[in-house]
Amino acid sequence: MTKLEALLMLSICVGAFIMPFLSRRLHFPSAVGEIFFGLCAGLFFKEVFHKTSIIKFLGELGFILLMYLAGLEIDFEHIKVTPKKELFLYIVVVVLVVVFSFAAMAYYRQPPIYALIYLTTAVGLLFPVLRETGISESNTGQRLLIIGSIGEVVSLLSLTLFILYYRDGFSMKSLLHLGQLIAFGVGAYILYRLFRLIAWWFPGLVSPFFKTDDPVESGIRANFVNMFVFVALAALLDMELIVGAFLGGMAFALIFKEREKVQEKVGGIAYGFLIPVFFIEVGLRFDLKDFFDFHVLLMALIITLVIFFVRLLASLVLFFSRICLMDILLVPISTSFSLTLLVAIATFGLKEGIIAGDQAAAILLASILTAFIYPALMKIIIKARAC
């Protein structure tokens, strides 16, 4: 490691430590602060960053852990007890978001990747906002998490299919790859059923997944093994690693109801260092000067507004439910700040040459704007709601 690489590593560690404090003081998500820190650090370390592989590795590992935890946070027990009519309406909302996203892409005559941008939903920032407002355990909070989780699954599947289409088009190779993806899903389901049966008959064999008080931290190790099994399977099938990580977290959440303690410990490692490194590393990839370009600002504002309006139109079907007006309004707002996946799409599009640098900067800026605007609106509505 050279002196400059050591300085870069030190600056990232310092940034990961101080940005949560500054972000809380300035009232915006710490992820936004960490991206901004990366953008500023890029003014000094841009050249050395492109030559340093360890930062990229730590950033990718942080993203994998973020997606694993997103899958782990889904409360399938609540989904099971949700009335079928309500669950059907939630699925219809997500499907309509996809339809309106493609309509918006066609209206603006944009490349297909923009439909992916508009439909993308993630719960990475939603869960902390719900916890801050104290409604994460309420019916409203769980409803928003269910819709967000369905949207995230659809978003990751859409991202996988888009990558498949971009690389191979409509060909026999893409059909074969699609068959492999289906086989992966079937295999994961079989493993889930098998493991659930083992957990029922031999609870002692699965207890290491929950141990958090032993000296060797068996629960943490077991969760990392579970995560990397799915990541390795995704890599073998040429899928995005984050898809495998998300499915690994979902599988764990499906099998084990009581996972809070081990979830806190894995989250402590991830949110304590690796996930902040991911967001800082994202900022390092972009040039801060691009964000002051008028064209980039205009594109970012359009993306920010379209993301909300496609969800607002889709949420109109919820008038057929018993949900009150203020709670219906919370649905499009709570699913409009998909910071993590928007960052992933911008990074992938730029790396593969699908979009130009200014377009990638606009998408990243839009992800930051959504993370600023919509959580703030959400908190105002939650305080004002009377239902």
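Mentor: A pocket is an open set of grid points with protein on both sides within 12 Å along at least five of seven lines. The model here is predicted. About 600 Å³ of space lies in its second largest pocket.

Trainee: What makes a residue part of the lining of the second largest pocket, and which residues lie nearest its centre?

Mentor: A lining residue has an atom within 4 Å of a point of the pocket. For the second largest pocket, 20 residues line it, and Glu60, Arg285, Thr347, Phe348 and Lys351 lie nearest its centre.

Trainee: Which helix gives the largest share of that lining?

Mentor: The largest share comes from α16, with 5 residues. Helices α2, α3, α8, α12, α13 and α16 each supply at least two residues.

Trainee: How do you know how many residues in the lining of the second largest pocket are charged?

Mentor: Asp, Glu, Lys and Arg count as charged. By that rule the lining of the second largest pocket has 7 charged residues, beside 11 nonpolar and 2 polar ones.

Trainee: What is the volume of the largest pocket, and which residues lie nearest its centre?

Mentor: Its volume is about 1,400 Å³. The largest pocket is lined by 47 residues, with Phe127, Pro128, Val129, Arg131 and Tyr271 nearest the centre. Elements giving two or more residues to this lining include α1 (3-26), α7 (126-133) and α17 (357-384).

Trainee: Which element gives the most to the lining of the largest pocket?

Mentor: Helix α13 does, with 10 residues. By class, that lining holds 23 nonpolar, 11 polar and 13 charged residues.

Trainee: Glutamate 281 is found in α13. Why is glutamate 281 called buried?

Mentor: Buried means under 20% relative accessible area. Glutamate 281 has 1% relative accessibility, so it counts as buried. The helix that holds glutamate 281 spans residues 260-285.

Trainee: What does glutamate 281 touch, and what makes a touch count?

Mentor: Heavy atoms within 4.5 Å make a contact. Leaving out residues up to four places away in sequence, glutamate 281 touches Phe49, Ile55, Lys56 and Gly59.

Trainee: Why does asparagine 226 count as buried?

Mentor: The cut-off is again under 20%. Asparagine 226 stands at 14% relative accessibility, and therefore counts as buried. Asparagine 226 lies in helix α11, residues 218-236.

Trainee: How many residues separate asparagine 226 from methionine 9 in sequence, and how far apart are they in space?

Mentor: They are 217 residues apart in sequence, and 29 Å apart in space from C-alpha to C-alpha.

Terms used. Residues numbered from 1 in each chain as written. Predicted model: local features only at pLDDT ≥ 70, side-chain atom pairs only at ≥ 80, totals over all residues. Heavy atoms only, no water. Helix = DSSP H or I, 4+ residues; strand = E, 2+ residues; numbered from the N terminus. Buried < 20%, exposed > 50% of the residue type's maximum accessible area, 1.4 Å probe, protein only. 1 Å grid on protein atoms, 1.4 Å probe; cavity = no way out; pocket = protein on both sides within 12 Å on 5 of 7 lines; lining within 4 Å. Points joined across faces, edges and corners; volume = space filled by probe spheres on them.
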